[in-house]
Amino acid sequence: MSVIALKVDIHTRVGLTDGAVALAGLFREQGAGATFYLSLGPDRAGKVPLAEWFAHGGVKPRAHLPFLTRQNGRLWPGPDMGRALRKCLHALQGDGFELGLKAWDQAAWRRQSTDADAEWTRKALERAIAGFTRLTGAAPQTLAAPGWHGNWSAVRQSQGLGIHFASDARGREPFIPVQRAEIVAVPQLPTTLPTRDEVLAESHGDQTQAIERILNLTSTPRRHGHVFSLNAEADGRKLLQMVGLLLAGWKRQGWQCVSLGDLAATLDLSRLPHSELVWETWPGRRGKLARQGDNVFIA
């Protein structure tokens, strides 16, 4: 059966307590699996330009974030993402959902990681992994860079941190990342489909057109399926019904929605392509995002 792996990015406290919990309920009803990627440390949503969370062009992203959340880190210090949230995380784990790690202080990661050196990157990753382990009782097995922002040093270091697979990039299929002839043995499971906010922007906010566009892209099977990224702050709150319609459409098309770990378990790493990992601008978004580049022949 063809699979679509669901990747849920949780950026803020309200994204976890409201959005992720609502999405988990919907996934249970639909029999879908998913991986929830958690940001730890201070919730400083106000420090993140909205263009980094939501594609622009016909969509009003501010409507998807509560006013108080938009002020975190601007008018007052951001609340700690990990404090008092163990109940939500344990509930997700208890329902069988996979948990992954995004970063510690994702606002700082988005602003600084692209140009950061190896030492800054190492400290940021180690702090995030330590926080994740304290909260969940186990070290993370998967990483996903916030907003697809990052650097090669983070990719390189992931293979020494017990990471089994990552989802740091946009791309066309699972691959082994390469840069300047250096290979990192942690496979990348890139986001292969446009996000809900991107297709809404292209459709000028028309949800029916946006759903049709995504379903057109999934109308034929693919060898490694797809990875679809959701945003807990919007997709789990005001746009939850749209997500439900997408899940129903995929079920009609014969897709099974699974976690990224489930997708990774089906891969033969020896047969994955080796692809350059590059950072470049992406339509409708701010800064440089990681993207799967050309395939590289490895002798």
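**Exercise 1. In which helix is Ala-20 found, and is Ala-20 buried or exposed?**

Solution. Keep in mind as you look that this is a predicted model.
- Step 1: Find Ala-20 in the chain; helix H1 is the element that holds this residue.
- Step 2: Turn to accessibility. Ala-20 has a relative accessibility of 0%, and buried means under 20%, so this residue counts as buried.
- Step 3: Look at the surroundings. Setting aside neighbours within four places in sequence, Ala-20 is in contact with Ile-10, Gly-15, Phe-36, Leu-92 and Ala-232.
- Step 4: Val-8 lies 12 residues from Ala-20 along the chain, and their C-alpha atoms are 7.7 Å apart.

**Exercise 2. Work out how H1 and H3 are arranged, and which residues make their contact.**

Solution. 
- Step 1: Take helix H1, residues 13-30, and helix H3, residues 86-94; their axes come within 10 Å and cross at roughly 15 degrees.
- Step 2: Angles under 35 degrees count as roughly parallel, so H1 is roughly parallel to H3.
- Step 3: For the handedness, H1 passes H3 in a left-handed crossing.
- Step 4: On the H1 side, the contact is made by Leu-16, Thr-17, Ala-20, Val-21 and Ala-24, while H3 brings Cys-88, Leu-89 and Leu-92.
- Step 5: Sorted by class, this contact has 7 nonpolar residues, 1 polar residue and no charged residues.

**Exercise 3. How many disulfides does the structure hold? Are Cys-88 and Cys-257 buried or exposed?**

Solution. 
- Step 1: Recall that a disulfide covalently joins the sulfur atoms of two cysteines.
- Step 2: The structure holds 0 disulfides.
- Step 3: Cys-88 has 16% relative accessibility and so counts as buried.
- Step 4: Cys-257, with a relative accessible area of 9%, is buried.

Technical notes
Residues are numbered from 1 along each chain as its sequence is written. This is a predicted model: local features need pLDDT of at least 70, side-chain atom pairs count only at pLDDT 80 or more; totals for chains, interfaces and linings use all residues. Side-chain values use heavy atoms; hydrogens and water are left out. Axes are lines fitted to C-alpha atoms, for helices over the stretch in contact, and angles run from 0 to 180 degrees between N-to-C directions. Helices (H or I, at least four residues) and strands (E, at least two) are DSSP runs, numbered from the N terminus. Angles under 35 degrees count as roughly parallel, over 145 as roughly antiparallel, 65 to 115 as roughly perpendicular and the rest as oblique. A crossing is left-handed if the near helix is turned anticlockwise from the far one by less than a right angle, and right-handed if clockwise. Contact means heavy atoms within 4.5 Å. Ala, Val, Leu, Ile, Met, Phe, Trp, Tyr, Cys and Pro count as nonpolar, Asp, Glu, Lys and Arg as charged, and the others, Gly among them, as polar. A disulfide is a pair of cysteine sulfur atoms within 2.5 Å. Buried means under 20% relative accessible area, exposed over 50%, partly exposed in between (1.4 Å probe, protein chains only).
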